[in-house]
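Hi,

Here is the structure I promised to pass on to you. Have a look at it first, and then read my notes below.

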Amino acid sequence: MKKIGFIVNPVAGIGGRVGLKGSDGEASLLRALELGAAPESGKKALLTLNVLKNSAPLFELYTCPGKMGAEACRLAGIPHTVICADSPHTTARDTKLAAQKLRGMGADLILFAGGDGTARDIMDAVGTDALVLGIPAGCKIHSGVYGVNPRMAGMLAEQYVQGKIHGTKEAEVMDIDEELFRQGIVQARLYGYLQIPAGRSLVQNLKSSGGRSEALSIDLIANYIADMWEDDALYIVGTGSTTAAVMEKLGLPNTLLGIDLVYGKQVVASDCTEKEILEVMENYEKVKILVTVIGGQGYLFGRGNQQISGKVIERVGKENIIVAASKDKMLSLLGKPLYVDTGDEKINRDLEGYVRVIVGYGEMVMSKVTG
């Protein structure tokens, strides 16, 4: 019988829907709470456990108190043993101590829910001495140690406990400067590696950068979308360099790593939270969403654009979502589907199917979307 460790970072991803682009540091957490943010990581961890519990007779589960794990285990109905003392205000130190204790107990696999910061904490604690797997719950996830989404993380963990996966591989942990990230500057460096189960189709790739032809492709896309722009629609413009190029063609200021709202070729709100988007939408009859694809990973929603939440998507409608991505970016997916991880399972299922992706001036490809 395998020993499975389970750690939840309770504050991971809390800043996403309120537009903070991260939750590292006490100041960011307090600001997120002031803006009305609610914890998301526990819900996502529960999705993983709901898959894994089908194989509960095959493993023993060891976890942390309360919101750091035990609460999700209780809701999933999985027998578990709490191994750490309770802490009213959890910090990175609690995550590291829990990981070290699980390694010392000889855990066969350590599941952890969080983002890039949590992955760095786990790496600091156990390095490559323990087999781990991340449950994606952060605002920004550039590291390659996470399942594609919480459910797929559960599927991979289940395959592991069932003895269907024997191989392991080293996956990258990325260090993102969160202060610069909030200023619209992505400064990433390789922090190190973690050892994960070798389940390629269920683990997200490292976020990739564009190739040499990227700029030309994006320019053609931007020209096409600018020419097709409808002045009587409110556009919810997502993050990324592709959407930024569209805004530049329109002669509009842009929040590179935030969500802007445009009507009549004028920015009516910038760097919006989920709440602000929902409030502004009430004043417009026609609303569209413009997003791009994360290169190498294939996400449309749920990575860096959590402000465009399930509630927003439901109100806008699948038919009013515009997806644009360079040919290089689409080729980097190697035929894999596009992913959505909105945190709302119903919305994820509603978005499944095929979507038209703009890849040039008037050029489209059809791509499969899976939740």
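Predicted model: local features only at pLDDT ≥ 70, side-chain atom pairs only at ≥ 80, totals over all residues.

**What I found**

Let's start with Ile-135: it is buried, with a relative accessible area of 0%. Here buried means under 20% relative accessible area, exposed over 50%, and partly exposed in between (1.4 Å probe, protein chains only).

Residues are numbered from 1 along each chain as its sequence is written, and side-chain values use heavy atoms, with hydrogens and water left out.

Back to Ile-135, which sits in strand S5 (residues 132–136). Helices (H or I, at least four residues) and strands (E, at least two) are DSSP runs, numbered from the N terminus. What does Ile-135 touch, leaving aside its neighbours within four places in sequence? Its contacts (heavy atoms within 4.5 Å) include Phe-6, Lys-44, Leu-111, Ala-113, Tyr-146 and Pro-150. Ala-113 is 22 residues away along the chain, yet the two C-alpha atoms are separated by 4.4 Å.

**The whole chain**

The protein chain has 13 helices and 16 strands. Of its 371 residues, 56% are buried. Take the contacts with a separation of 6 or more: residues 24 or more positions apart account for 69% of them.

**Helix H4 and its surroundings**

H4 (residues 92–104) has 13 residues and reaches 18 Å from its first C-alpha to its last, close to the 18 Å expected at 1.5 Å a residue. That expected span is 1.5 Å times one less than the number of residues. Which residues of H4 are buried? They are Asp-94, Thr-95, Ala-98, Ala-99 and Leu-102. They cover an arc of only 130 degrees around the axis, so they are on the same side of H4. (The arc is that of the directions from the helix axis to the C-beta atoms.) The cover over these buried residues includes strand S1 (2–8), strand S2 (59–63), strand S4 (109–114) and H5. On the face turned away from the buried side you'll find the exposed residues Arg-93 and Gly-104. After H4 comes Gly-106, with a positive phi near 80 degrees.

Helix H5 (residues 116–126) holds Asp-121. Asp-121 is buried yet has no salt bridge, and the nearest side chain of opposite charge, Lys-96, is 4.2 Å away. For charges, Lys and Arg count as positive and Asp and Glu as negative, with His and the chain ends not counted. A salt bridge needs a side-chain nitrogen of Lys or Arg within 4 Å of a carboxyl oxygen of Asp or Glu. Leaving aside neighbours within four places in sequence, Asp-121 is in contact with Ala-92, Thr-95 and Lys-96.

**Salt bridges**

How many salt bridges does a search of the whole structure find? It finds 12. One of them joins Glu-71 and Lys-67 (3.6 Å, N to O); Glu-71 is partly exposed at 31%, while Lys-67 is exposed at 54%.

Glu-230 and Lys-286 also meet in a salt bridge (3.0 Å, N to O). That pair links distant parts of the chain: Glu-230 is in the loop between helix H8 (214–228) and S8, and Lys-286 is in the loop between H10 and S11, 56 residues apart. Lys-286 forms a salt bridge with Asp-232 too, the closest N and O atoms being 3.2 Å apart. Glu-230, Asp-232, Lys-286 and Lys-288 are linked in a network of salt bridges.

**The cysteines**

A disulfide is a covalent bond between the sulfur atoms of two cysteines. The rule used here asks for a pair of cysteine sulfur atoms within 2.5 Å, and by it the count comes to 0 disulfides. Cys-64 is in no disulfide, and the nearest cysteine sulfur is that of Cys-84, 4.1 Å away. Cys-64 is buried at 1% relative accessibility, whereas Cys-84 is partly exposed at 22%.

Enjoy exploring!
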